[in-house]
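These are my notebook entries from an afternoon with one model. I began with the aromatic rings and then went through the helices and some single residues.

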Amino acid sequence: MKTLNKDLATIQLTQVIEQLEDLLFCDLVMTYNDYASANNYEMIHDNDEENINTLFNTPYEAAQAVVYGKYNPNDDYVMLDGYSNVISFSYQLIQDDNCPIDVSELAQWLINEDKLADYDITVTTLEDMLASIEDNINDDDNMLLELSKLLTLKVKNVEKAMIVLSDYNYKQLMIVINHLGINYQ
């Protein structure tokens, strides 16, 4: 679902960021871990005995990783830094310096890798905008007349209007939508 239109790409990125920020933190961690796995970054784990025991071969390794890391046993999540030291953080503190999740970077990765549908994330597309215009002018003859005036064409039916609009870019469609007073979102 890549787009070359910079205005639409900016809107889509904003929409993805908003949807990621609305996720439950455990779902955001799951999405981040997919990103981390694809990019060979360290994964985030629940801060529990099982994960700590899995991350280290010996208690001594775990003790060193805690001493040289930034670990709080009361935090919800842990991960290893580049030196195998434990870093922990809580879900309430996404702005915490210890939290590796950069929502903007994650959103851009989802868009670039065409993974939005995998996470039920939806964004506005040119097709959505065209469909909204078509729905509105199908329901309102005056809107078709207004569209005809705007396009400075004698468009008498919806099909011909949609053929003309199918070549429009995001900015042009926004002009049409705003002129007709359509709320496409």
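**Entry: ring pairs**

I counted rings of Phe, Tyr and Trp (its six-membered ring) as a pair if their centres lie within 6.5 Å; planes under 30 degrees apart are stacked, over 60 edge-to-face, and the rest tilted. By this rule I get 6 aromatic pairs. One of them joins Phe25 and Tyr77, a tilted pair with 5.4 Å centre to centre and 55° between the planes. This pair links distant parts of the chain, since Phe25 is in helix 2 and Tyr77 in strand 2, 52 residues apart. I took helices (H or I, at least four residues) and strands (E, at least two) as DSSP runs, numbered from the N terminus.

Phe25 also pairs with Phe89, edge-to-face, at 6.4 Å centre to centre and 80° between the planes. Phe89 lies in strand 3 and Phe25 in helix 2, so this pair ties together parts that are 64 residues apart in sequence.

I also noted a cluster in which ring pairs link Tyr32, Tyr35, Tyr41 and Trp109.

**Entry: ground rules**

The model is predicted: local features need pLDDT of at least 70 and side-chain atom pairs count only at pLDDT 80 or more, while totals for chains, interfaces and linings use all residues. Residues are numbered from 1 along each chain as its sequence is written, and side-chain values use heavy atoms, with hydrogens and water left out.

Are Phe25 and Tyr77 buried or exposed? I find both Phe25 and Tyr77 buried, and Phe25 and Phe89 are likewise both buried. The cut-offs are under 20% relative accessible area for buried, over 50% for exposed, and partly exposed in between (1.4 Å probe, protein chains only). Phe25 counts as buried because its relative accessibility is 13%.

**Entry: helix 2**

I checked the length of helix 2, residues 25-38. The expected span of a helix is 1.5 Å times one less than its number of residues. For the 14 residues of helix 2 that should give 20 Å, and the end C-alpha atoms are 20 Å apart, which agrees.

Which residues of helix 2 are buried? I list Phe25, Leu28, Val29, Thr31, Tyr32, Asn33, Tyr35 and Ala36. What covers the buried residues of helix 2 includes helix 1 (6-21), strand 2 (77-80), strand 3 (86-89) and helix 5 (103-112). Contact here means heavy atoms within 4.5 Å.

Just after helix 2, I noted a positive phi of about 60° at Asn40.

**Entry: helix 6 and helix 7**

Two packed helices are described by the angle between their axes and the distance between the axes. I looked up both for helix 6 (residues 126-139) and helix 7 (residues 141-151): the axes come within 5 Å and cross at roughly 120°. That makes helix 6 oblique to helix 7. Under 35 degrees is roughly parallel, over 145 roughly antiparallel, 65 to 115 roughly perpendicular, and the rest oblique. The axes are lines fitted to C-alpha atoms, for helices over the stretch in contact, and the angles run from 0 to 180 degrees between N-to-C directions.

Which residues meet between helix 6 and helix 7? On the helix 6 side they are Asn136, Ile137 and Asp139, and on the helix 7 side Asp141, Met143, Leu144 and Leu147. By class, this contact has 4 nonpolar, 1 polar and 2 charged residues. I used Ala, Val, Leu, Ile, Met, Phe, Trp, Tyr, Cys and Pro as nonpolar, Asp, Glu, Lys and Arg as charged, and the others, Gly among them, as polar.

**Entry: loop residues**

Asp114 and Asp120 were next. Asp114 is in the loop between helix 5 and helix 6, and Asp120 lies in the loop between helix 5 and helix 6. Asp114 has a positive phi of about 55° although it is not a glycine, and Asp120 has a positive phi of about 55° too. Asp114 counts as partly exposed at 46% relative accessibility, whereas Asp120 counts as exposed at 69%.

Where is Asn74 found? I place Asn74 in the loop between helix 4 (59-68) and strand 2. Asn74 is exposed, with a relative accessible area of 67%. Asn74 and Asn47 are 27 residues apart in sequence and 8.3 Å apart in space, C-alpha to C-alpha.
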